[in-house]
Amino acid sequence: MKPNTQLQNGTDGGPAEVHQTTATGAEALTTSQGVAISDNQNSLKAGERGPTLLEDFVLRDKIFHFDHERIPERVVHARGYGAHGTFECTRDLSAITRAAPFQQVGKLTETFVRFSTVAGSKGSMDLARDVRGFAVKFYTDEGNWDLVGNNIPVFFIQDAMKFPDLVHAVKPEPDRAFPQAQSAHDTFWDYISLTPESMHMVMWQMSDRTIPRSFRTMEGFGVHTFRLVNAAGEATFVKFHWKPRQGLQSVLWDEALKINGADPDHHRRDLWEALTTGDHPQWDLCLQMFDQDFADSFDFDILDATKIIPEEILPAEPVGTLTLDRAVDNFFEFTEQVAFCTQHVIPGIDFTEDPLLQGRNFSYLDTQLKRLGSPNFTQLKVNQPRGCPMHNFQQDGHMRRDNRRGRINYEPNGFEEGPREDPLKGYVSYAEPVEGTKVRIRSDSFADHYSQARQFYISQTAVEQAHLRNALIFELGRCEQARIRRAMVGHLRNIDEDLAAGVAAGLGLPELPPPATAARPTRQDLPPSDALSILKNGPESFAGRVMGILIGDGFDGTLLDRLTGAVIEVGGKVKLVAPRVGGAVDDRGDLREAQFDIQAGSSVLFDAVAVLVGPEGEAALADMPQAQGFLRDAFAHGKFIGHALAGELFRTAGLEGRADDGCFDLGLVDDGETVDAFVASCARLRHWTRKGMT
Ligand code: HDE
């Protein structure tokens, strides 16, 4: 069939827009030269069964482009997921900074956020035990500002010089190319055991912070100390914190392992579902602001990225709210091509001399050139400033899209054409006096490696301390070389003797190794800080969480509706799991469709579970190993469990007589009170007092 072609005139010498339609009115499929394709299924051959002809430009155009679809993945943070959002200023900071987003309460700034893991490659699983990236691009009306942070407020190293070694050590070992997305191997722990400055970060890394339940339930941190600069050129030090309104939440290690099998895309799916169902996650941007005198009051250095300022000493004050409100409609165009750079700052935001930050300021621009292939990455839609256009005399290069028109491509020029520098509005670096002798040296003020590691550990609840200890036992247990395990326990002795003894026992070390040599003795007087614990900063309700309800034939339909209503009422979601995805039949004979069949709907995917079954389905469900696993795992992971007529399943799952006060018999009374009590309990997320939970 001959395509129907309409031609429209282009403007400004740009490409003419061509709309080609097929006889049915659909848009015509074309080659990249705009030639309509008559057959997209068969290559051009000499004879029906003959060789394919080189002349087949349709085939070559298609395959040529396909062959070049991949760009280099990020060296670190390769696996990530992005979303669009809006930042709303809630506190006028104009006296402290001239940064555009903070000039007026209510001011809105568009943002793009990318969450990521660090060590794994693009296709690795979401629930790796790993630090998470939390990178935010603000499209302000004075240019783009990138706050490229992590979900942990400190870092492994103090100087950028060490970064390539750290990353080499954690990545798959170069001879065998494994393990993928894991720090649990010799080269990582060998490096760490030789790097005392990593110990504070290691405490965070071994805590449940590195196995978040969702991107939505983790904090973000700018890590370094930055500067805010006001119109008068006065500077204030600042540390950036993102606090999730959803509350903090992590999974258990056993859950993480199982989620990676059941749904390796758990985090990106979770964010996608939240965004596409209108459940928009929010974070408050909170600032710790201080001056030089305050900085001097510490015995650590505020330029040292392995240190925090406890919030009990200096509160993190809310100044704005980030709402993620739109999923990307093309992953590559936005999430893959977004180029975050720490040196993307705007007037009012400035750097400090943190040697890690200074090195990052080189690395990010450099890496974008490699990854995106051209200095014109700034012209990609996701990277273009939005609040203000770019005006400069840069030109040409690979894939340049919009060179300036006209004769003048330089400045100054006497033709009075083109943009000019602006000493008033333009970026002015903070006028910091700098003087010194050229040296390669680590300042003595960076030498205390253990005190804050200890402070982090003693700030955790007993449950969290146990998780941290077990994580160390797991990770060090994966090291083949006993010397590495011993060296690490030597460091732990400088942090907390009980922790060291517990890890040593878990590893089966015959005797405690001597403590590692410490440049500074560990301070024993730093008080615990509640802000450092996940469990002390959990959610207030079940909002944003998911209840998985396993239904078996004959279940009480009214009860299901009541339970679903109660979960939705508090802002949660319900997903149904049934022996077949087609669903199960309730006591009124209605078929209720499920989102998962029991093979796919493992209970590790949910925050709380219920099992509702009727006399017709009870025996069949109890006989299914997957249903037994569903209940057994939910119980072992401390989840709140609602149940009706599931006694037989409790028995076959090996849980007979073990139902505790975290288990709610929803079939007992028909008044809805038990349902409400169950859903209210679910806000606590786990029944920590269940036997075996600590
Ligand atoms: Fe990065 N880091 N980093 N990093 N980083 C990259 O840039 C680097 C560091 C962080 O979603 C790379 O575009 C050096 C700290 C995030 O696209 C690269 C040093 C923090 C992301 C790079 C650090 C981060 C990156 C790789 C030590 C928390 C992902 C791909 C001096 C504050 C951004 C890329 C996204 C990505 C270098 C340390 C966070 C190679 C040299 C500390 C969230 O440029």
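By class, the shell around the ligand consists of ten nonpolar, eight polar and three charged residues; Ala, Val, Leu, Ile, Met, Phe, Trp, Tyr, Cys and Pro count as nonpolar, Asp, Glu, Lys and Arg as charged, and the others, Gly among them, as polar. The model is a predicted one, in which local features need pLDDT of at least 70 and side-chain atom pairs count only at pLDDT 80 or more, while totals for chains, interfaces and linings use all residues. Residues are numbered from 1 along each chain as its sequence is written, and side-chain values use heavy atoms, with hydrogens and water left out.

**Ligand surroundings**

- Of the 21 residues around the ligand, those that come nearest are Arg 74, Arg 114, Ser 363, Tyr 364 and Gln 368; a residue is near a molecule or strand if one of its heavy atoms lies within 4 Å of it.
- Arg 74 places a polar side-chain atom 2.7 Å from an oxygen atom of the ligand, a polar contact being a pair of N or O atoms within 3.5 Å (within protein, one must be able to donate a hydrogen and the other to accept it, and residues adjacent in sequence count only if both atoms are side-chain atoms).
- An N or O atom in the side chain of Gln 368 is 2.9 Å from an oxygen atom of the ligand, and a polar side-chain atom of His 77 lies 3.3 Å from a ligand nitrogen atom.
- Two or more residues of the shell come from each of β5, β6 (143-150) and α9 (355-372); helices (H or I, at least four residues) and strands (E, at least two) are DSSP runs, numbered from the N terminus.
- The element that gives the most to this shell is α9, with six residues.

**Salt bridges**

- The count comes to 47 salt bridges, each defined as a side-chain nitrogen of Lys or Arg within 4 Å of a carboxyl oxygen of Asp or Glu.
- Asp 126 and Arg 79 form one of them, at 2.6 Å from N to O. Asp 126 lies in the loop between β4 (108-117) and β5 (132-140) and Arg 79 in the loop between α1 (57-67) and β3 (80-89), so the pair ties together parts that are 47 residues apart in sequence.
- Both Asp 126 and Arg 79 are buried; buried means under 20% relative accessible area, exposed over 50%, and partly exposed in between (1.4 Å probe, protein chains only).
- Glu 317 and Arg 91 meet in a salt bridge of 2.4 Å, N to O. Because Glu 317 is in strand β11 (residues 317-327) and Arg 91 in the loop between β3 and β4, this pair ties together parts that are 226 residues apart in sequence.
- Glu 317 is partly exposed at 31% relative accessible area, and Arg 91 is partly exposed at 27%.
- In the salt bridge between Asp 190 and Arg 483, the closest N and O atoms are 3.1 Å apart. Asp 190 belongs to helix α3 (residues 186-193) and Arg 483 to helix α12 (residues 482-495), 293 residues apart.
- Asp 190 is partly exposed, with a relative accessible area of 23%, and Arg 483 is partly exposed at 43%.
- Salt bridges with shared partners join Arg 213, Arg 216, Asp 270, Asp 279, Lys 573 and Asp 607 into one network.

**Strand β14 and its partners**

- Strand β14 (residues 573-578) is largely enclosed by the rest of the structure, because five of its six residues are buried.
- Strand β13 (residues 546-551) runs parallel to β14 and is joined to it by five bridges; two strands pair if DSSP finds at least two bridges between them. Lys 573 in β14 is the bridge partner of Val 546.
- From β13 the chain crosses through helix α14 (residues 557-569) to β14, and this β-α-β crossover is right-handed: with the strands pointing away from the viewer, the path from the first strand over the helix to the second runs clockwise.
- Two bridges join β14 to the parallel strand β17 (residues 596-597), where Asp 597 is the bridge partner of Ala 578.

**Backbone features**

- The peptide bond between Phe 178 and Pro 179 is cis, with omega about 0°, and Pro 179 lies in the loop between α2 (163-170) and α3.
- A cis peptide bond also leads from Glu 411 to Pro 412, with omega near 5°; Pro 412 is in the loop between α9 and α10 (451-458).
- Met 399, a residue other than glycine, has a positive phi near 60° and is exposed at 71% relative accessible area.
- Glu 416 has a positive phi of about 55° although it is not a glycine, and is exposed at 74%.
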